[in-house]
Amino acid sequence: MVNLKNLKDPIIAYKTYLDALCSYTASVEQPEKPNKSKVGILIFESFLKLHIIFQHTFKRNINKKYIFVNARYDDIILSLDRKDVVILGGVSDLFFCLRNRIKFIWIGYLTRGFDMYFYHDRCKSYIDVLTILSNLVKKNICCESIFLWEDNIKVGLVFSYLFKESKDINIVSIQHGLFVPNEKIKYPGSNSNYNFVIKNSQKKLIGCNDENSCVIGLTYDINHKVDLFFKNVYLVGVGRIGRNDTNYLYSIYLYSKIMDIFEGSEYKVFYRPHHTEDINFCRSMFHNIDTTPKKDLLSGGRYIYIGFESTLLYEAKFFNNLTVGIDSNERAFIRDFELDIVINEKDIGLIFDRIKGYIDDSGNKESVHQPDMRTRFIKCMERLEYYSQNKNKG
C-alpha cells in the first residue's frame with residue numbers, strides 16, 4: 001500500500017512550479033483545465049482498479065539494471081546493453097523501444113491520474129496510480145536506479161515522491177540544460193537524491209554536492225563530418241523569456257545589424273529560433289531560418305555560433321565550434337560558461353573583424369576530443385554505486 005502521509009506533496013510542488021514559471025516568463029501560461037465527463041472518469045477509475053488486480057494476479061520478475069522514465073536520453077540508452085534496460089513511458093517511447101528491441105512498460109495512466117487529482121480533486125484515481133507504480137517498481141522490477149528527464153513536473157515529481165527516500169532505489173535526474181538563475185523556481189534535480197550534471201556549477205543551484213552528484217557533461221555524442229570551420233554563422237534566438245518582451249525585440253534588432261554586417265561576405269548567416277518563438281514572425285524578420293535538429297546541426301561540422309546566454313552556445317563550445325557571446329547593456333544576465341569571443345553590443349560593428357581575426361590567429365586547430373557518452377555515463381554510474389553503498393551503510 002502507498003504511504004499517504006505526504007500525498008499532496010507532488011501536487012503542491014507542481015502548482016508552486018507553474019505559478020513561479022508563469023510569473024517569470026511570458027512564454028508560459030497556466031494550462032487549461034482538461035474537460036472530463038463523469039462517464040470518462042468512471043471508466044478510467046475502473047481501468048485502474050482492474051490494473052491493480054492484474055498486477056497482483058500476474059506478477060512479473062523483470063530484472064533490469066536501468067529504468068529510464070521515457071526514451072529522451074536515447075544516446076545513453078543505446079550505448080548500454082539493451083537487455084539491462086527497461087523504459088517506462090508513452091506511445092512515442094513504445095515506438096523507440098520496438099525499433100531498438102528494448103523492454104517497454106506503458107505508464108500513460110500516470111499523467112491522467114495526476115490531472116484527475118490536480119484539476120478535479122479525484123483523490124481515488126491518484127492513489128490508484130501511485131499504487132500501480134509502487135507495485136510495478138518494488139514488486140516486479142529488480143533495479144537500483146530510476147533515471148528521470150525531469151523531477152519538477154508531473155511524471156518526475158510522482159517518481160521522486162514515491163522512491164527517493166527508498167534505501168534500495170536511487171532517483172537520478174540527468175540534466176539536459178543549463179539554468180537561468182531565478183530564485184522563484186525550484187530547479188530540475190532538486191527533488192532527486194542523485195544528479196548527473198552538465199557542469200560543476202550546476203550543483204550549487206540544485207543544492208547537491210560532490211557526494212550525491214557527478215559531472216556527466218552533455219548527454220549525447222556527435223560525429224563531425226570534417227574538422228575544419230565551415231563559413232556558416234548561426235544567430236541563436238533567445239526566445240520570449242521575460243514579461244518585458246522588449247528584451248526579445250532588442251535581440252532581434254542586434255541580430256539584424258549582424259546580418260547586415262556579414263552581407264556580401266564569404267559567410268552565410270542563419271537565424272536559429274528558440275522553440276518559444278513565433279516562427280512566422282522570425283521568417284518575416286530574417287530570410288535565412290535554420291531549424292535543423294540540434295544534434296544534426298552540431299554533427300555537420302564546426303560552425304560559428306553567436307548569442308547571449310543560450311545553452312546551445314555552451315553545447316557548441318563543448319563540441320569545438322567557435323562561439324561568440326554578446327554582452328548587452330539592455331539585458332542583465334549571468335553567463336555560466338566561457339566562450340571564444342565576447343563582444344559588447346556597442347562594439348557590434350567590429351564583430352566580423354573579431355571573428356575573422358580569431359580564425360586567422362588560431363587557424364583550423366585540432367579539436368579537443370571529449371570522452372564518448374558511454375564512457376562518461378559509466379564513470380558516473382561508478383560514482384552512483386559508491387554513493388549507494390555508503391547510503392545503505394548509514
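Q: How many salt bridges does the structure hold?
A: The structure holds 15 salt bridges. The term covers a side-chain nitrogen of Lys or Arg within 4 Å of a carboxyl oxygen of Asp or Glu.

Q: And what am I looking at, in terms of model and numbering?
A: This is a predicted model, where local features need pLDDT of at least 70, side-chain atom pairs count only at pLDDT 80 or more, and totals for chains, interfaces and linings use all residues. Residues are numbered from 1 along each chain as its sequence is written, and side-chain values use heavy atoms, with hydrogens and water left out.

Q: Back to the salt bridges. Which residue pairs with Glu315?
A: Lys294 does, with the closest N and O atoms 2.8 Å apart. This pair links distant parts of the chain, 21 residues apart. Glu315 is in helix 12 (residues 311–318) and Lys294 is in helix 11 (residues 294–299).

Q: How are helices and strands assigned here?
A: They are DSSP runs: H or I of at least four residues for helices, E of at least two for strands. Numbering goes from the N terminus.

Q: Is Glu315 buried or exposed?
A: Glu315 counts as buried because its relative accessibility is 4%. The cut-offs are under 20% relative accessible area for buried, over 50% for exposed, and partly exposed in between, with a 1.4 Å probe and protein chains only.

Q: Which residue does Lys356 bridge to?
A: Lys356 meets Asp360 in a salt bridge, 3.3 Å from N to O.

Q: Why are those two separated by about one helical turn?
A: Because Lys356 and Asp360 are four residues apart in helix 13 (residues 351–362).

Q: How accessible are they?
A: Lys356 is at 35%, so it is partly exposed. Asp360 is at 52%, so it counts as exposed.

Q: What does Lys346 do?
A: Its side chain meets that of Asp347 in a salt bridge, at 3.4 Å from N to O. Lys346 is exposed, with a relative accessible area of 65%. Asp347 is partly exposed at 28%.

Q: Why can such side chains pair at all?
A: Opposite charges can pair when the charged atoms come close.

Q: New topic: helix packing. How do helix 2 and helix 5 cross?
A: The axes of helix 2 (residues 38–57) and helix 5 (residues 109–120) come within 12 Å and cross at roughly 125°. That makes helix 2 oblique to helix 5. Angles under 35 degrees count as roughly parallel, over 145 as roughly antiparallel, 65 to 115 as roughly perpendicular, and the rest as oblique.

Q: How are the axes and angles defined?
A: Axes are lines fitted to C-alpha atoms, for helices over the stretch in contact. Angles run from 0 to 180 degrees between N-to-C directions.

Q: Is that crossing left-handed or right-handed?
A: The crossing of helix 2 and helix 5 is left-handed. That term applies if the near helix is turned anticlockwise from the far one by less than a right angle; clockwise is right-handed.

Q: Stay on helix 5. Where does Gly113 stand, buried or exposed?
A: Gly113 lies in helix 5. It counts as buried, at 0% relative accessibility. Its C-alpha is 8.9 Å from that of Leu130, 17 residues apart along the chain.

Q: And Tyr119?
A: Tyr119 is also found in helix 5. At 16% relative accessibility, Tyr119 counts as buried. Tyr119 and Lys36 are 83 residues apart in sequence, yet 9.9 Å apart C-alpha to C-alpha.

Q: Backbone next. What is the phi of Asn70?
A: It is positive, about 80°, although Asn70 is not a glycine. Asn70 sits in the loop between strand 2 (66–69) and helix 3 (74–79). With a relative accessible area of 16%, Asn70 is buried.

Q: What about Arg101?
A: Arg101 has a positive phi of about 55° and is not a glycine either. Its place is the loop between helix 4 and strand 4 (103–106). Arg101 counts as exposed, at 78% relative accessibility.
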